[in-house]
Each structure stands twice: as structure tokens, then as C-alpha cells.
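Work through the exercises below with the structure open beside you. Try each task before reading its solution.

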Amino acid sequence: MASFNLYSRGDRIFGWTNAVLLGLFVLSTLYPFIYVLAVSVSSGAAVTAGRVTLWPVDITLAAYDRVLSDRMFWIAYGNTFIYTFGGTLMSLAIMIPGAYALSRKRLRGRTFFNLAIAFTLWFHAGMIPFFLNMRDLGLLDSRFGIIIGFAANAFNVILLRNFFEAVPKSFEEAAKMDGASELQLLWKVFIPLSKPAIVTVALFCIVSRWNGYFWAMVLLRGEEKIPLQVYLKRVIVDLNSNDEFASSLLTARYSFETVTSAIMIASIIPVLIIYPYAQKYFTKGILLGGVKE
Amino acid sequence: MKHNLRESLHDFWEDLRRDWQLYLLLAPTVIWFALFLYKPMYGLLIAFKDFSIFRGIEGSAWVGFANFAELFQNDMFVRAFWNTITISGLGLIFAFPVPIILALMFNEVQSAAARRWAQTVVYLPHFISVVIVAGIVINFLSPSTGVVNLLLKGLGFEPVYFLTQPEWFRPVFIGSSIWKEAGFESIVYLAAIAGVSPTLYESARVDGASRWQMMWRITLPCILPTIIIMLIIRIGNLVEVGFEYIILLYRPSTYETADVVSTFIYRTGLQGTQYDLATAAGLFNAVIAFVLVYSANRISRKVSSTSLW
């Protein structure tokens, strides 16, 4: 469309209206982030007095001081790193070999396994049977339980499988001539050729691990095991209705709002760091996974 | 051609011998799915039992459909069921069209750089956890310091307690869900728009069509199959609502409009340990979900094949 330079007046008005409306949507997406950032670096007194709406007032890092000196914050942060990296590695270690095997057309029972995996997209036992199963397996209140219990899912296996299926036969045949085993074939030919798909799945895992809170909240009892999102939930949601806690935070320097905002910003930063990659690969992944099957 | 059982058994062993390495690679995936997704399905039996955690699944007595009968007489469950349908239905009306409109608007932005920037911003909330989104909503709507109530006060209104009033729960939930996901969901429609043939626009241009007309008469009809498929998928997911987000936002004073089947299961089962009743509720929901998704897929297959014509 860029080749048409001659726009009528109506078209120009249309273009401008569109730009303005879209601009408003973009700003309203951005505004909550700016607001939280502004609150986190403002003084508690200014926020309590309702003087912060867009720009920071009485700039101070007191809220960050308070957050970063909380031992629980660091424990939870560390746990999230363990779950994110451990969980993602576990996911890749399980799903890549499995998806590779399923991508081999000659594999007997392939249709059955594919169907059995796809069926879990449609039907799952639900919250309580899953919980009781974790309990029976002795995986309650266990770090390993969090890492293994959510390591695979049908969507990612199908995405990887589709990608492996699309690897040209010629690569495989050349390696087979050299007498490579299946594991060597996977490691030396398929994984290097499928980097985009693997990075996509890894990013899916990283983001869902970083952001997941529900099962960690349900399965973990020990304070020293909870991830950041559960910690966040306790501070932001559970304590919000607890006025005693809120008022205990109320000093001139920081308040409940500035402290919770500082925690939110601190937990968003790693997401912002991987966001450029995540955006690129997620876009591809959604389309790859969505188009086929 | 296999002639008899013995030969096919022989073939089978031959295949196993030839491909043992592949089966070894497949094993962890199969074991994982069996252990974490299929084994719990056996636990669904407790929906038909008077389950006691001490006696276990086998040891608990069968009660037939008693748990379901109890469920359908439970006002809280019935309310949760209708809330689920209502919240999903409202989402269908208000949230579903937003990514389509966004994609159409992105498509009309002439500067590629501006478009990339705008997309980068609106995709971002998708990557933020629901806990943070709930935190932002709570801070935003706070009656004393929240920016929304500051604005209301500035205009001379009384502050509104958005999160404790049942009539405000659904607008807040759906509005913030749109904020979180609409941008990212527009990706599917943008991909469909990218597939529209440029010659359609060129010939429309020659005929003197305006951009508005081209959007309505070319872009929109061309992405209609995608819209219909997404709509069908959405209807298929009618009984699935974002309960992880609801748990963070609702409170006893808003249960009457906010409590859905999944949050009901969470409270009765995981917080209240009435495992059998909660499993029955989960099974009821899962069966409805399965039927909806299955028929949605059937319809979608029909639509997407006939829509080619």
C-alpha cells in the first residue's frame, strides 16, 4: 500500500483518526506501568495524600530499600530462578527427545502416542485429582515436585514435533551414512537445525515458570521454598485487606502502595530483559503451533 | 501384507529392535504424560465415591451419582456455574472484538517503525504475571489513593469501592483482561491480514476506493474465516475462565458475581478438603468443556473447509 502516495482528504482524516485512537490504546497500555514506577519512587506521604498520578513526587528509593532488605524477598527471588531454570531444562530434556522420536514416520505406535498426547489438550482430570496425584507421588512441598510436575505439555511437544518433521530428509541421510546413532542424529543434526523452535519452547517455559503462582501456592508449604509470585501474592493481595499490616507500613518515607509498587517493578525487570527475544519468538511460536494442528 | 498373527508379531519385534533407540528417547515423554496427566484421570473415580483421604481411592465406598446430586442442590455451585457462563459470555461480547479491531488499526499504520513500537507496547502485558496485574488493579482502584478514585474525587464524585462491590467485579475483570491480552491476541489476525493479496488493494485503488472502504470490503472479509475459527474456539472454551486471576481479585463480598466453577472447586477441594464434591464439580466442568471443544473443532473443520469457496 505504501506505493500509493496520493491520498484523498477522507483517507488522510481516516489515517489520522486511526493513529490517534491507536495511540490512545498504546498509552493506556503503558500508563499502568508508568504509574506503578512513579508510585514506587515517590514518598509514602505523597502517595497517601493522593499527589501521585503520573510523575514521581518527592523522589526517594525508601520503598526499594525496604523491599531489598526483606530476607523473604531474596529467598523468593532465588527460588524463582531455581524453578525457572531447573524447570525449563527439565522441560527441554523431556520434550525434545520425545518430540524427535514422534517425528519419525516409521516409528510403530506413533499414531497412538500422538493421539494420547493430543487428547490431553482436550480433556484433563482437573485440579483435585492432579493435587491428590502429586500427594500420592510424595511431591507435596517439594522443589522437585514443582520442577517435574509441570515439565511437559501437549502444545509444546506438538510444536517441536512439527518442526522436526519439517527438517529435510537429505540432512538425515548424510548423517546416517556416517553411521550416526539416533541420539547423535538428534544432537548433531536436528537440534542445531531446529534452534528457532527450541528457543521458542524454552521461552514459553521460562515465561510460564516465572509468572506461575497457582500450583506453587497450592503445593508448597515451606516458607523457604515459595517463588516470587507467591510472595508477591501474599504481600499485594492477601495483606491488602489486612489493614494492620498496611498501616504498619505507613511511614512518611514509604507506604503500602510504594512498597508493593517497588516489589512489582523489581519482579518485572527480568521479564523486560528477555522481552525483546520473547516477543520475537512468541509471535512465531503462536503461529507455528496454531497453524498446524 | 501381513498374513497371520505370527508374522505381524515378528514384524513388531523387528521394528522394536530396529528402533529401540527411538523408544528410549520417547520413554521420558510417555512416562511423564502417563504419570502426571493420565494417572490423575483414575482419581476421577472419587467423584463417584464417599472419599476419605485415609481410606484412599480403593478403600472409599461407592456412592454413584450422590456427589452430583448434592452439587446440583448446592446453591453456591449453581451460582458458580451461571457466573462462569455469564463471565465468558460477557468476555465474548466485549473482549473478543478488541484484538480484531486492533489488528485492523495496526494494518492502517503507514510507518513500519511506528507500528513496530506500538506492537511492542501492546504485547507487553501478556508477559506480565496475573499477580502483578492484580496488584496494579488493586493499587489503581484503591478507594483512598488509587488514581481512578482520585479522578472521581477531582470531578466531585464519592469514591467507589470497586473491588468490594459485586456489581463492579465483572467490568473490572473483563476490562483488565482486555488490557492484558487483547494486544497479544491481535497477532493471529495480523498474520491473516498479511496473507491478503496486495492485488486486491491495488485494483480497489484503481477503482477509487477509500481506505475505509478497503478496510471494510477487503481486509475484513478476507480475515473473516480466521475470525470465525477464533470465535468457535472461544465458544469451545466457554466454561474455562481465568480462575487464577479471579482468585486474586475476588473476595467474599463479591462472590455472588465473581465465583466461578474453578474457584468453587479450589475453595471446596483445596481449601476445604471436600475432595469428592470438588472432583465431581471438576468432572462436570471437564465433560462440558470436552463436548464444547469437540463440537467446536468439528464445526471449525467444516467452516474452514467450506470457507475456501
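**Exercise 1. Two aspartates in loops**

Task: In which loop of chain A is A:D141 placed, and is A:D141 buried, partly exposed or exposed?

Solution. The structure is a predicted model.

Step 1. Find α6 (127-136) and α7 (143-149) of chain A; A:D141 sits in the loop between them.

Step 2. Count the C-beta neighbours of A:D141 inside 10 Å, which gives 14. A residue is buried with 20 or more and exposed with 12 or fewer, so A:D141 counts as partly exposed.

Step 3. Look at the backbone. Phi of A:D141 is near 55 degrees, which is a positive value in a residue other than glycine.

Task: Repeat the analysis for A:D58. What is its phi, and in which loop does it lie?

Solution. 

Step 1. The loop that holds A:D58 runs between α2 (44-48) and α3 (62-68) of chain A.

Step 2. Phi of A:D58 is near 50 degrees, again positive in a residue that is not glycine.

Step 3. A:D58 has 16 C-beta neighbours inside 10 Å and therefore counts as partly exposed.

**Exercise 2. A tyrosine in a helix**

Task: Is A:Y83 buried or exposed, and which residues does A:Y83 touch beyond four places in sequence?

Solution. 

Step 1. Locate A:Y83 in helix α4 (residues 71-103) of chain A.

Step 2. A:Y83 has 22 C-beta neighbours inside 10 Å, so it counts as buried.

Step 3. Leave out residues up to four places away in sequence; A:Y83 then touches A:I146, A:I147, A:R209 and A:P227.

Step 4. Take A:R209 from that list. A:Y83 and A:R209 are 126 residues apart along the chain, while 6.7 Å separates their C-alpha atoms.

**Exercise 3. Helix α5(A) and two partners**

Task: How do α5(A) and helix α8 (residues 154-165) of chain A pack?

Solution. 

Step 1. Two packed helices are described by the angle between their axes and the distance between the axes.

Step 2. For α5(A) and α8(A), the angle is about 135 degrees and the axes are 9 Å apart. The two helices are therefore oblique to each other.

Step 3. The crossing of α5(A) past α8(A) is left-handed.

Step 4. From α5(A), A:I117, A:A118, A:T120 and A:L121 meet A:A154, A:F155, A:V157 and A:I158 of α8(A). By class, this contact has 7 nonpolar, 1 polar and no charged residues.

Task: What are the angle and the axis distance between helix α5 (residues 110-122) of chain A and α2(B)?

Solution. 

Step 1. The angle is about 40 degrees, and the axes are 11 Å apart. This makes α5(A) oblique to α2(B).

Step 2. α5(A) and α2(B) cross in a left-handed way.

Step 3. On the α5(A) side the contact uses A:F113, A:A116, A:I117 and A:T120, and on the α2(B) side B:L26, B:V30, B:F33 and B:L37. These residues divide into 7 nonpolar, 1 polar and no charged.

**Exercise 4. The contact between the chains**

Task: How many residues does each chain give to the contact, and which helix gives the largest share of the chain B side?

Solution. 

Step 1. Chain A gives 84 residues and chain B gives 71 residues.

Step 2. Helix α2 (residues 20-42) of chain B supplies the largest share of the chain B side, 14 residues.

Step 3. The chain B side that touches chain A consists of 49 nonpolar, 14 polar and 8 charged residues.

Technical notes. Residues are numbered from 1 along each chain as its sequence is written. Chains are lettered from A and ligands numbered from 1 in the order in which they are written. This is a predicted model: local features need pLDDT of at least 70, side-chain atom pairs count only at pLDDT 80 or more; totals for chains, interfaces and linings use all residues. Two residues are in contact if their C-beta atoms, placed from the backbone, lie within 7 Å. Helices (H or I, at least four residues) and strands (E, at least two) are DSSP runs, numbered from the N terminus. Ala, Val, Leu, Ile, Met, Phe, Trp, Tyr, Cys and Pro count as nonpolar, Asp, Glu, Lys and Arg as charged, and the others, Gly among them, as polar. Axes are lines fitted to C-alpha atoms, for helices over the stretch in contact, and angles run from 0 to 180 degrees between N-to-C directions. Angles under 35 degrees count as roughly parallel, over 145 as roughly antiparallel, 65 to 115 as roughly perpendicular and the rest as oblique. A crossing is left-handed if the near helix is turned anticlockwise from the far one by less than a right angle, and right-handed if clockwise.
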